[in-house]
Amino acid sequence: MTEQTHKTIEQAQEEGKYIRKVRSFVKREGRLTKGQARALELYWQEMGLNHENGMVNFSELFGNDNPVVLEIGFGMGKSLVEMAKNAPELNFVGIEVHRPGVGACVALAKEEGVDNLKVYEHDAIEILADCIPDGSLSTVQLFFPDPWHKKKHHKRRIVQPEFVETIRQKLKVGGVFHMATDWENYAECMLDDMQSSPGYKNLSETNDYVPRPDNRPLTKFEQRGHRLGHGVWDLQFSKE
Ligand SMILES: C[S@@+](CC[C@H](N)C(=O)[O-])C[C@H]1O[C@@H](n2cnc3c(N)ncnc32)[C@H](O)[C@@H]1O
């Protein structure tokens, strides 16, 4: 039995799939509001992407060859919708596990008339492995990932050496991985992982953090951090 499990994991790894045993989230069963449920019912066909459909072809999906920006863990989607609205020359794909957040994002995108955004309701680790082609993304955004403050929980943080390598595979050459966090220890770990990973160039002039770029709207989580007096660290690395 144990041997069989091992074989399966090894086989998957040989196929280039990144198997992660510890998840970066705890599934919260928050209730959908009526508006969120309605938005999912009415617009999922148009805006939703499903893990079981496998690899996507972005040109076919969006009907154009515009650069693709992927955002992981978009929360309620407010800042993602704002970015998509401000950049109609780009295509956006969001991944979030929290269903009410996905519903809120779809509802807001429709309200704002945004049509360059598609979303997954699924674990980003599996979407990256099974649905996103290598070398297909111009930007990956990870804003305020769950910080998992306690040391014994650090293994749950989504940013790990394997994750950083997966993101590099998915980016085009010259594509940018942009992270932000309001937890200093997480920012330091992100920086360590990025600097030890070959094939990335730090876009920081001081070889650590970058000033908050103008195109990143304040996220909901960040606003909360500001109220609590937290600092914010942005990191941007390009694929060499
Ligand atoms: C602290 S919140 C930040 C949300 C948003 N980016 C913001 O700044 O307001 C982190 C989000 O990441 C999502 N998340 C965590 N792990 C994930 C995963 N593996 N795949 C997709 N979403 C994930 C959580 O559900 C949560 O909504």
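Trainee: Is D146 buried, partly exposed or exposed?

Mentor: This is a predicted model, where local features need pLDDT of at least 70, side-chain atom pairs count only at pLDDT 80 or more, and totals for chains, interfaces and linings use all residues. Residues are numbered from 1 along each chain as its sequence is written. A residue is buried if 20 or more other C-beta atoms, placed from the backbone, lie within 10 Å of its own, exposed if 12 or fewer, and partly exposed in between. D146 has 17 such atoms within 10 Å, so D146 is partly exposed.

Trainee: And which is D123, buried or exposed?

Mentor: D123 lies in the loop between β4 (117-121) and α6; helices (H or I, at least four residues) and strands (E, at least two) are DSSP runs, numbered from the N terminus. Because 20 other C-beta atoms lie within 10 Å of D123, this residue counts as buried.

Trainee: Which residues does D146 touch, beyond those up to four places away in sequence?

Mentor: D146 sits in the loop between β5 (137-143) and α7 (161-170). Contact here asks that two C-beta atoms, placed from the backbone, lie within 7 Å. On that basis, D146 touches S24 and F25.

Trainee: What is the largest C-alpha distance among the "binding site" residues?

Mentor: The unreviewed UniProt entry places that feature at E71, E96, D123 and D146; positions follow the numbering used here, feature names are shortened, and annotations may be inferred rather than shown by experiment. Although spread over 76 residues of sequence, they cluster in space, with a largest C-alpha distance of 14.2 Å.
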